[in-house]
There are 2 protein chains.
Amino acid sequence: MTDTDAGCHRNDRDDAARWLIALLARLPGLGPRSARRAALHLLKRRDALMIPLADAISETARTIKTCTVCGTLDSSDPCRICSDETRAHGPICIVEQVGDLWAIERTGSFHGRYHVLGGTLSALEGVGPEALGVPRLLARLKEGGVSEVILALNATLDGQTTAYYLTEVLADSGVKLTRLAHGVPVGGELDYLDDGTLMAAFSARRSVETP
Amino acid sequence: MTDTDAGCHRNDRDDAARWLIALLARLPGLGPRSARRAALHLLKRRDALMIPLADAISETARTIKTCTVCGTLDSSDPCRICSDETRAHGPICIVEQVGDLWAIERTGSFHGRYHVLGGTLSALEGVGPEALGVPRLLARLKEGGVSEVILALNATLDGQTTAYYLTEVLADSGVKLTRLAHGVPVGGELDYLDDGTLMAAFSARRSVETP
Ligand SMILES: [Zn+2]
Ligand SMILES: [Zn+2]
(Lines give C-alpha, C1' and ligand atoms only; values in the text may rest on other atoms or scores of the structure.)
(Ligands and ions follow the chains in the order given, each with its own letter.)
Protein backbone atom coordinates (compact mmCIF):
# COMPACT_ATOMS: atom_id res chain seq x y z
CA MET A 1 0.00 0.00 0.00
CA THR A 2 1.22 3.46 -0.79
CA ASP A 3 0.00 6.75 0.47
CA THR A 4 -1.29 7.65 -2.97
CA ASP A 5 -4.22 5.29 -2.54
CA ALA A 6 -6.83 7.87 -1.68
CA GLY A 7 -9.72 5.69 -0.62
CA CYS A 8 -10.22 2.63 1.49
CA HIS A 9 -8.84 -0.71 0.47
CA ARG A 10 -11.76 -2.43 -1.25
CA ASN A 11 -11.73 -2.61 -5.02
CA ASP A 12 -15.07 -1.08 -5.75
CA ARG A 13 -15.44 1.42 -8.54
CA ASP A 14 -18.97 2.17 -7.39
CA ASP A 15 -17.80 3.26 -3.98
CA ALA A 16 -19.18 6.79 -3.67
CA ALA A 17 -16.92 7.80 -0.78
CA ARG A 18 -13.83 6.51 -2.56
CA TRP A 19 -14.69 8.47 -5.70
CA LEU A 20 -15.36 11.59 -3.62
CA ILE A 21 -11.96 11.24 -1.92
CA ALA A 22 -10.23 10.78 -5.29
CA LEU A 23 -11.79 14.03 -6.57
CA LEU A 24 -11.06 15.97 -3.38
CA ALA A 25 -7.42 14.83 -3.58
CA ARG A 26 -7.16 16.70 -6.89
CA LEU A 27 -7.70 20.06 -5.18
CA PRO A 28 -4.52 22.08 -4.59
CA GLY A 29 -3.40 21.80 -0.97
CA LEU A 30 -5.20 18.50 -0.36
CA GLY A 31 -3.25 15.25 -0.62
CA PRO A 32 -4.83 11.79 -0.35
CA ARG A 33 -4.69 11.86 3.44
CA SER A 34 -6.25 15.30 3.86
CA ALA A 35 -8.81 14.40 1.18
CA ARG A 36 -9.93 11.48 3.37
CA ARG A 37 -10.16 13.79 6.39
CA ALA A 38 -12.12 16.32 4.34
CA ALA A 39 -14.53 13.60 3.16
CA LEU A 40 -15.13 12.39 6.72
CA HIS A 41 -15.54 15.99 7.88
CA LEU A 42 -18.24 16.41 5.20
CA LEU A 43 -19.95 13.10 6.01
CA LYS A 44 -20.29 14.16 9.63
CA ARG A 45 -21.86 17.48 8.62
CA ARG A 46 -24.19 16.28 5.89
CA ASP A 47 -26.87 18.95 6.21
CA ALA A 48 -24.75 21.79 7.60
CA LEU A 49 -21.88 21.59 5.12
CA MET A 50 -21.91 18.68 2.69
CA ILE A 51 -25.16 19.43 0.85
CA PRO A 52 -24.60 23.24 0.89
CA LEU A 53 -21.11 22.66 -0.57
CA ALA A 54 -22.44 20.43 -3.37
CA ASP A 55 -25.06 23.09 -4.12
CA ALA A 56 -22.49 25.92 -4.03
CA ILE A 57 -20.18 24.08 -6.43
CA SER A 58 -23.02 23.30 -8.87
CA GLU A 59 -24.43 26.79 -8.61
CA THR A 60 -21.04 28.43 -9.17
CA ALA A 61 -20.21 26.10 -12.06
CA ARG A 62 -23.57 26.96 -13.60
CA THR A 63 -23.48 30.73 -13.14
CA ILE A 64 -19.86 31.82 -13.39
CA LYS A 65 -18.85 33.35 -16.70
CA THR A 66 -15.65 34.83 -18.10
CA CYS A 67 -16.07 38.61 -18.48
CA THR A 68 -15.73 39.41 -22.17
CA VAL A 69 -14.25 42.82 -21.29
CA CYS A 70 -11.60 42.07 -18.67
CA GLY A 71 -11.39 38.27 -18.56
CA THR A 72 -12.22 37.80 -14.89
CA LEU A 73 -14.73 35.25 -13.59
CA ASP A 74 -18.07 36.52 -12.30
CA SER A 75 -21.75 35.66 -12.31
CA SER A 76 -22.44 38.47 -14.78
CA ASP A 77 -20.87 39.49 -18.08
CA PRO A 78 -19.63 42.21 -18.20
CA CYS A 79 -18.48 41.54 -14.66
CA ARG A 80 -19.55 43.68 -11.74
CA ILE A 81 -16.22 45.51 -11.77
CA CYS A 82 -16.42 46.39 -15.48
CA SER A 83 -20.05 47.50 -15.13
CA ASP A 84 -19.52 49.45 -11.90
CA GLU A 85 -19.86 53.09 -12.96
CA THR A 86 -18.40 54.30 -9.66
CA ARG A 87 -15.02 52.83 -10.63
CA ALA A 88 -12.49 54.91 -12.52
CA HIS A 89 -12.19 54.33 -16.26
CA GLY A 90 -8.66 55.74 -16.42
CA PRO A 91 -6.44 53.06 -14.91
CA ILE A 92 -6.35 49.44 -16.10
CA CYS A 93 -4.50 46.96 -13.95
CA ILE A 94 -3.07 43.97 -15.78
CA VAL A 95 -2.87 40.77 -13.76
CA GLU A 96 -1.99 37.19 -14.61
CA GLN A 97 -4.82 35.40 -12.85
CA VAL A 98 -8.26 35.97 -11.35
CA GLY A 99 -6.73 35.17 -7.94
CA ASP A 100 -4.42 38.19 -8.34
CA LEU A 101 -7.43 40.42 -9.09
CA TRP A 102 -9.11 39.09 -5.94
CA ALA A 103 -5.95 39.78 -3.92
CA ILE A 104 -5.81 43.41 -5.15
CA GLU A 105 -9.55 43.88 -4.56
CA ARG A 106 -9.09 42.72 -0.98
CA THR A 107 -6.60 45.55 -0.35
CA GLY A 108 -9.26 48.09 -1.39
CA SER A 109 -6.44 50.27 -2.76
CA PHE A 110 -7.37 50.21 -6.46
CA HIS A 111 -10.56 51.59 -7.93
CA GLY A 112 -10.00 51.21 -11.65
CA ARG A 113 -10.58 48.31 -14.04
CA TYR A 114 -8.64 45.15 -14.79
CA HIS A 115 -7.32 43.06 -17.60
CA VAL A 116 -6.83 39.41 -16.66
CA LEU A 117 -4.26 37.72 -18.90
CA GLY A 118 -5.09 34.22 -17.69
CA GLY A 119 -1.40 33.28 -17.68
CA THR A 120 1.97 34.38 -18.99
CA LEU A 121 3.62 34.16 -22.37
CA SER A 122 5.14 30.74 -22.88
CA ALA A 123 6.76 29.60 -26.10
CA LEU A 124 7.10 26.15 -24.56
CA GLU A 125 3.40 25.80 -23.85
CA GLY A 126 2.38 27.70 -26.99
CA VAL A 127 0.80 30.59 -25.07
CA GLY A 128 0.96 33.64 -27.33
CA PRO A 129 -0.42 37.20 -27.06
CA GLU A 130 -3.83 36.15 -28.44
CA ALA A 131 -4.36 33.59 -25.68
CA LEU A 132 -3.61 36.32 -23.13
CA GLY A 133 -6.19 38.66 -24.65
CA VAL A 134 -3.61 41.24 -25.75
CA PRO A 135 -5.61 42.22 -28.88
CA ARG A 136 -8.65 42.73 -26.62
CA LEU A 137 -6.53 44.95 -24.34
CA LEU A 138 -5.29 47.02 -27.31
CA ALA A 139 -8.88 47.44 -28.47
CA ARG A 140 -9.82 48.78 -25.03
CA LEU A 141 -6.97 51.28 -25.25
CA LYS A 142 -8.10 52.39 -28.73
CA GLU A 143 -11.57 53.14 -27.41
CA GLY A 144 -9.88 55.88 -25.39
CA GLY A 145 -10.30 57.06 -21.83
CA VAL A 146 -7.50 54.89 -20.47
CA SER A 147 -4.97 57.03 -18.59
CA GLU A 148 -2.67 54.40 -17.13
CA VAL A 149 -1.83 50.74 -17.54
CA ILE A 150 -0.50 49.16 -14.34
CA LEU A 151 1.53 46.01 -14.86
CA ALA A 152 0.73 43.96 -11.77
CA LEU A 153 2.37 40.74 -12.87
CA ASN A 154 4.14 38.26 -10.66
CA ALA A 155 7.82 38.96 -9.95
CA THR A 156 8.68 35.61 -11.51
CA LEU A 157 10.71 35.08 -14.68
CA ASP A 158 7.55 34.34 -16.70
CA GLY A 159 5.69 37.31 -15.21
CA GLN A 160 8.54 39.70 -15.90
CA THR A 161 9.08 38.37 -19.43
CA THR A 162 5.41 38.99 -20.09
CA ALA A 163 5.62 42.46 -18.51
CA TYR A 164 8.56 43.30 -20.75
CA TYR A 165 6.64 42.12 -23.80
CA LEU A 166 3.63 44.26 -22.81
CA THR A 167 5.94 47.25 -22.24
CA GLU A 168 7.11 46.93 -25.84
CA VAL A 169 3.62 46.45 -27.25
CA LEU A 170 2.21 49.42 -25.31
CA ALA A 171 5.19 51.74 -25.87
CA ASP A 172 3.48 53.65 -28.69
CA SER A 173 0.00 53.71 -27.17
CA GLY A 174 0.58 57.07 -25.48
CA VAL A 175 -0.74 55.63 -22.23
CA LYS A 176 1.25 55.95 -19.02
CA LEU A 177 2.75 52.57 -18.05
CA THR A 178 3.48 51.73 -14.44
CA ARG A 179 4.48 48.60 -12.57
CA LEU A 180 4.05 47.65 -8.94
CA ALA A 181 6.72 49.07 -6.63
CA HIS A 182 9.44 46.84 -5.39
CA GLY A 183 8.14 45.35 -2.23
CA VAL A 184 6.88 42.32 -4.08
CA PRO A 185 9.56 39.78 -3.12
CA VAL A 186 11.67 38.56 -6.03
CA GLY A 187 10.32 35.22 -7.18
CA GLY A 188 7.15 35.77 -5.16
CA GLU A 189 3.57 35.43 -6.30
CA LEU A 190 0.99 38.12 -5.60
CA ASP A 191 -1.61 35.78 -4.21
CA TYR A 192 0.75 34.74 -1.39
CA LEU A 193 1.50 38.29 -0.21
CA ASP A 194 -0.03 39.76 2.88
CA ASP A 195 -2.42 42.59 2.11
CA GLY A 196 -0.21 45.27 3.70
CA THR A 197 2.79 44.51 1.49
CA LEU A 198 0.59 44.39 -1.57
CA MET A 199 -1.05 47.69 -0.61
CA ALA A 200 2.36 49.36 -0.14
CA ALA A 201 3.61 47.99 -3.45
CA PHE A 202 0.48 49.33 -5.10
CA SER A 203 0.68 52.86 -3.80
CA ALA A 204 4.42 53.13 -4.57
CA ARG A 205 4.05 51.92 -8.16
CA ARG A 206 6.36 53.69 -10.59
CA SER A 207 6.60 54.54 -14.27
CA VAL A 208 8.03 52.00 -16.68
CA GLU A 209 10.66 53.30 -19.08
CA THR A 210 9.44 52.50 -22.56
CA PRO A 211 12.09 51.52 -25.11
CA MET B 1 -8.91 43.58 5.65
CA THR B 2 -7.86 40.46 7.46
CA ASP B 3 -6.84 37.14 6.09
CA THR B 4 -9.99 35.54 7.45
CA ASP B 5 -12.02 37.20 4.72
CA ALA B 6 -12.35 34.24 2.42
CA GLY B 7 -13.79 35.85 -0.67
CA CYS B 8 -13.18 38.94 -2.68
CA HIS B 9 -13.87 42.36 -1.32
CA ARG B 10 -17.37 43.20 -2.52
CA ASN B 11 -20.23 42.94 -0.07
CA ASP B 12 -22.50 40.66 -1.99
CA ARG B 13 -24.26 37.81 -0.25
CA ASP B 14 -25.41 36.46 -3.59
CA ASP B 15 -21.85 36.06 -4.82
CA ALA B 16 -21.70 32.37 -5.72
CA ALA B 17 -17.90 32.20 -5.80
CA ARG B 18 -17.62 33.94 -2.43
CA TRP B 19 -20.07 31.51 -0.85
CA LEU B 20 -18.23 28.56 -2.40
CA ILE B 21 -14.92 29.83 -0.96
CA ALA B 22 -16.49 30.31 2.48
CA LEU B 23 -17.71 26.68 2.47
CA LEU B 24 -14.43 25.29 1.14
CA ALA B 25 -12.57 27.18 3.90
CA ARG B 26 -14.50 25.09 6.44
CA LEU B 27 -12.81 21.88 5.24
CA PRO B 28 -9.95 20.66 7.45
CA GLY B 29 -6.59 21.57 5.92
CA LEU B 30 -7.98 24.43 3.84
CA GLY B 31 -7.69 27.98 5.15
CA PRO B 32 -9.19 31.03 3.43
CA ARG B 33 -6.24 31.36 1.08
CA SER B 34 -6.13 27.73 -0.01
CA ALA B 35 -9.93 27.77 -0.30
CA ARG B 36 -9.61 30.59 -2.85
CA ARG B 37 -6.97 28.58 -4.74
CA ALA B 38 -9.19 25.50 -4.64
CA ALA B 39 -12.16 27.49 -5.97
CA LEU B 40 -10.11 28.90 -8.86
CA HIS B 41 -8.71 25.44 -9.55
CA LEU B 42 -12.30 24.16 -9.81
CA LEU B 43 -13.48 27.08 -11.96
CA LYS B 44 -10.74 26.35 -14.47
CA ARG B 45 -11.76 22.68 -14.65
CA ARG B 46 -15.51 23.06 -14.77
CA ASP B 47 -16.34 19.90 -16.72
CA ALA B 48 -13.36 17.75 -15.73
CA LEU B 49 -13.48 18.32 -11.98
CA MET B 50 -15.98 20.90 -10.70
CA ILE B 51 -19.22 19.28 -11.90
CA PRO B 52 -18.01 15.71 -11.11
CA LEU B 53 -17.07 16.88 -7.59
CA ALA B 54 -20.49 18.46 -7.00
CA ASP B 55 -22.11 15.23 -8.21
CA ALA B 56 -19.83 13.06 -6.04
CA ILE B 57 -20.60 15.11 -2.93
CA SER B 58 -24.37 14.99 -3.56
CA GLU B 59 -24.29 11.31 -4.42
CA THR B 60 -22.24 10.41 -1.35
CA ALA B 61 -24.41 12.57 0.92
CA ARG B 62 -27.47 10.84 -0.52
CA THR B 63 -26.25 7.22 -0.37
CA ILE B 64 -23.94 6.95 2.64
CA LYS B 65 -25.47 5.37 5.72
CA THR B 66 -24.22 4.52 9.19
CA CYS B 67 -23.97 0.73 9.55
CA THR B 68 -26.36 -0.32 12.33
CA VAL B 69 -24.05 -3.22 13.23
CA CYS B 70 -20.58 -1.67 13.42
CA GLY B 71 -21.18 2.09 13.08
CA THR B 72 -19.04 2.70 9.99
CA LEU B 73 -20.17 4.75 6.98
CA ASP B 74 -21.02 2.88 3.79
CA SER B 75 -23.51 2.90 0.94
CA SER B 76 -25.19 -0.22 2.35
CA ASP B 77 -26.47 -1.16 5.80
CA PRO B 78 -25.22 -3.53 7.10
CA CYS B 79 -21.97 -2.30 5.57
CA ARG B 80 -19.99 -4.35 3.10
CA ILE B 81 -17.54 -5.39 5.83
CA CYS B 82 -20.27 -6.64 8.18
CA SER B 83 -22.05 -8.48 5.37
CA ASP B 84 -18.87 -9.97 3.87
CA GLU B 85 -19.11 -13.69 4.73
CA THR B 86 -15.46 -14.23 3.78
CA ARG B 87 -14.38 -12.11 6.78
CA ALA B 88 -13.78 -13.75 10.15
CA HIS B 89 -16.54 -13.46 12.74
CA GLY B 90 -14.15 -14.07 15.64
CA PRO B 91 -12.20 -10.83 16.03
CA ILE B 92 -13.82 -7.43 16.47
CA CYS B 93 -11.57 -4.40 16.16
CA ILE B 94 -12.68 -1.32 18.12
CA VAL B 95 -11.72 2.01 16.59
CA GLU B 96 -12.58 5.59 17.42
CA GLN B 97 -13.40 6.86 13.95
CA VAL B 98 -14.30 5.69 10.46
CA GLY B 99 -10.95 7.12 9.29
CA ASP B 100 -9.17 4.66 11.61
CA LEU B 101 -11.14 1.77 10.10
CA TRP B 102 -10.10 2.97 6.63
CA ALA B 103 -6.46 3.19 7.76
CA ILE B 104 -6.52 -0.40 9.07
CA GLU B 105 -8.30 -1.66 5.93
CA ARG B 106 -5.56 -0.09 3.80
CA THR B 107 -2.95 -2.25 5.56
CA GLY B 108 -4.84 -5.41 4.55
CA SER B 109 -3.65 -7.03 7.78
CA PHE B 110 -7.02 -7.51 9.49
CA HIS B 111 -9.83 -9.70 8.22
CA GLY B 112 -12.36 -9.55 11.05
CA ARG B 113 -15.13 -7.06 11.84
CA TYR B 114 -15.16 -3.63 13.43
CA HIS B 115 -16.90 -1.57 16.03
CA VAL B 116 -16.65 2.18 15.38
CA LEU B 117 -17.11 4.17 18.57
CA GLY B 118 -17.46 7.49 16.80
CA GLY B 119 -15.35 9.24 19.46
CA THR B 120 -13.98 8.79 22.96
CA LEU B 121 -15.54 9.06 26.39
CA SER B 122 -15.69 12.66 27.49
CA ALA B 123 -17.33 13.83 30.67
CA LEU B 124 -16.68 17.41 29.54
CA GLU B 125 -18.56 17.00 26.27
CA GLY B 126 -21.14 14.65 27.75
CA VAL B 127 -20.08 11.66 25.64
CA GLY B 128 -21.01 8.53 27.58
CA PRO B 129 -20.91 4.78 26.76
CA GLU B 130 -24.32 4.90 25.00
CA ALA B 131 -23.12 7.53 22.51
CA LEU B 132 -20.15 5.28 21.70
CA GLY B 133 -22.41 2.30 21.01
CA VAL B 134 -21.07 0.25 23.94
CA PRO B 135 -24.48 -1.42 24.61
CA ARG B 136 -24.57 -2.38 20.92
CA LEU B 137 -21.05 -3.85 21.26
CA LEU B 138 -22.07 -5.86 24.34
CA ALA B 139 -25.10 -7.18 22.46
CA ARG B 140 -22.81 -8.36 19.66
CA LEU B 141 -20.66 -10.20 22.21
CA LYS B 142 -23.76 -11.82 23.76
CA GLU B 143 -24.77 -13.22 20.37
CA GLY B 144 -21.61 -15.30 20.62
CA GLY B 145 -18.94 -16.24 18.11
CA VAL B 146 -16.65 -13.35 19.07
CA SER B 147 -13.21 -14.68 19.95
CA GLU B 148 -11.23 -11.50 20.44
CA VAL B 149 -11.78 -7.80 20.93
CA ILE B 150 -8.89 -5.67 19.67
CA LEU B 151 -8.69 -2.21 21.19
CA ALA B 152 -7.29 -0.11 18.33
CA LEU B 153 -7.79 3.28 19.93
CA ASN B 154 -5.55 6.28 19.55
CA ALA B 155 -2.56 6.47 21.91
CA THR B 156 -3.91 9.77 23.22
CA LEU B 157 -5.14 10.45 26.74
CA ASP B 158 -8.78 10.28 25.60
CA GLY B 159 -8.19 7.13 23.57
CA GLN B 160 -6.41 5.37 26.42
CA THR B 161 -9.02 6.46 28.99
CA THR B 162 -11.68 4.98 26.75
CA ALA B 163 -9.63 1.81 26.23
CA TYR B 164 -9.27 1.45 30.00
CA TYR B 165 -13.04 1.88 30.44
CA LEU B 166 -13.71 -0.77 27.76
CA THR B 167 -11.22 -3.11 29.44
CA GLU B 168 -13.25 -2.87 32.66
CA VAL B 169 -16.58 -3.32 30.90
CA LEU B 170 -15.39 -6.32 28.91
CA ALA B 171 -13.45 -7.98 31.76
CA ASP B 172 -16.22 -10.46 32.53
CA SER B 173 -17.24 -11.14 28.95
CA GLY B 174 -14.90 -14.12 28.64
CA VAL B 175 -13.60 -12.71 25.36
CA LYS B 176 -9.87 -12.31 24.78
CA LEU B 177 -8.94 -8.62 24.91
CA THR B 178 -5.95 -7.28 22.99
CA ARG B 179 -4.61 -3.87 22.19
CA LEU B 180 -2.32 -2.68 19.41
CA ALA B 181 1.38 -3.27 20.07
CA HIS B 182 3.54 -0.38 21.04
CA GLY B 183 4.79 1.06 17.85
CA VAL B 184 1.97 3.55 17.76
CA PRO B 185 3.84 6.70 18.85
CA VAL B 186 2.72 8.08 22.22
CA GLY B 187 0.29 10.90 21.59
CA GLY B 188 -0.06 9.84 17.96
CA GLU B 189 -3.24 9.30 16.00
CA LEU B 190 -3.77 6.19 13.89
CA ASP B 191 -4.83 8.00 10.78
CA TYR B 192 -1.47 9.82 10.63
CA LEU B 193 0.65 6.66 10.80
CA ASP B 194 2.33 5.15 7.79
CA ASP B 195 0.84 1.82 6.82
CA GLY B 196 3.98 -0.15 7.71
CA THR B 197 4.04 1.04 11.33
CA LEU B 198 0.33 0.40 11.65
CA MET B 199 0.73 -3.08 10.16
CA ALA B 200 3.57 -3.92 12.59
CA ALA B 201 1.56 -2.62 15.54
CA PHE B 202 -1.35 -4.74 14.40
CA SER B 203 0.50 -8.03 14.08
CA ALA B 204 2.32 -7.53 17.43
CA ARG B 205 -0.86 -6.77 19.36
CA ARG B 206 -0.87 -8.19 22.86
CA SER B 207 -3.29 -9.29 25.57
CA VAL B 208 -4.73 -6.72 27.92
CA GLU B 209 -4.59 -7.60 31.61
CA THR B 210 -8.13 -7.41 32.92
CA PRO B 211 -8.58 -6.13 36.46
ZN1 LIG C 1 -14.87 42.55 -16.39
ZN1 LIG D 1 -20.80 -2.65 9.54
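## Loops, zinc sites and helix packing

In chain A, Pro78(A) is located in the loop that runs between strand 2 (73-74) and strand 3 (91-95). The model is a predicted one. The peptide bond joining Asp77(A) to Pro78(A) is cis, with omega about 0°. Most peptide bonds are trans. In chain B, a cis peptide bond likewise links Asp77(B) and Pro78(B), with omega about 0°. Pro78(B) lies in the loop between strand 2 (73-74) and strand 3 (91-95) of chain B.

Two zinc sites can be described next. For four tetrahedral donors, the ideal angle at a metal is 109.5 degrees.

The zinc ion (ligand 2) is coordinated by the SG atoms of Cys67(B), Cys70(B), Cys79(B) and Cys82(B), at 2.3 to 2.4 Å. The donor residues of the zinc ion (ligand 2) are spaced C-x2-C-x8-C-x2-C in sequence. Its four donor atoms form angles of 106 to 115° with one another, and the site is tetrahedral.

The helix packing is described next. Two packed helices are described by the angle between their axes and the distance between the axes.

| Helix pair | Angle between axes | Distance between axes |
|---|---|---|
| Helix 3 (residues 46-63) of chain A and helix 3 (residues 46-63) of chain B | about 150° | 9 Å |
| Helix 1 (residues 16-24) of chain A and helix 2 (residues 32-44) of chain A | about 125° | 8 Å |
| Helix 1 of chain A and helix 3 of chain B | roughly 150° | within 9 Å |

Helix 3 of chain A and helix 3 of chain B pack at about 150°, which makes helix 3 of chain A roughly antiparallel to helix 3 of chain B. The crossing of these two helices is left-handed. Residues of helix 3 of chain A in this contact include Arg46(A), Met50(A), Leu53(A) and Ile57(A), and among those they meet in helix 3 of chain B are Arg46(B), Met50(B), Leu53(B) and Ile57(B). The residues of this contact comprise twelve nonpolar, four polar and two charged.

Within chain A, helix 1 and helix 2 pack at about 125°, which makes helix 1 of chain A oblique to helix 2 of chain A. Their crossing is right-handed. Helix 1 of chain A contributes Leu20(A), Ile21(A) and Leu24(A), while helix 2 of chain A contributes Pro32(A), Ala35(A), Arg36(A), Ala38(A), Ala39(A) and Leu42(A). Eight of the contact residues are nonpolar, none is polar and one is charged.

Helix 1 of chain A also crosses helix 3 of chain B, at roughly 150°, and this crossing is left-handed. On the side of helix 1 of chain A, the contact includes Trp19(A), Leu20(A), Leu23(A) and Leu24(A); on the side of helix 3 of chain B, Leu49(B), Pro52(B), Leu53(B) and Ile57(B) are among the residues involved. The residues of this contact divide into eleven nonpolar, two polar and one charged.

Note on methods
Residues are numbered from 1 along each chain as its sequence is written. Chains are lettered from A and ligands numbered from 1 in the order in which they are written. This is a predicted model: local features need pLDDT of at least 70, side-chain atom pairs count only at pLDDT 80 or more; totals for chains, interfaces and linings use all residues. Side-chain values use heavy atoms; hydrogens and water are left out. Axes are lines fitted to C-alpha atoms, for helices over the stretch in contact, and angles run from 0 to 180 degrees between N-to-C directions. Helices (H or I, at least four residues) and strands (E, at least two) are DSSP runs, numbered from the N terminus. Angles under 35 degrees count as roughly parallel, over 145 as roughly antiparallel, 65 to 115 as roughly perpendicular and the rest as oblique. A crossing is left-handed if the near helix is turned anticlockwise from the far one by less than a right angle, and right-handed if clockwise. Contact means heavy atoms within 4.5 Å. Ala, Val, Leu, Ile, Met, Phe, Trp, Tyr, Cys and Pro count as nonpolar, Asp, Glu, Lys and Arg as charged, and the others, Gly among them, as polar. Donors are N, O and S atoms within 2.8 Å of the metal (3.2 Å for Na, K and Ca); water is not among the atoms, so sites may look incomplete. Four donors count as tetrahedral if all angles lie between 85 and 135 degrees; four count as square planar and six as octahedral if opposite donors are over 155 degrees apart and all others between 65 and 115; anything else is irregular.
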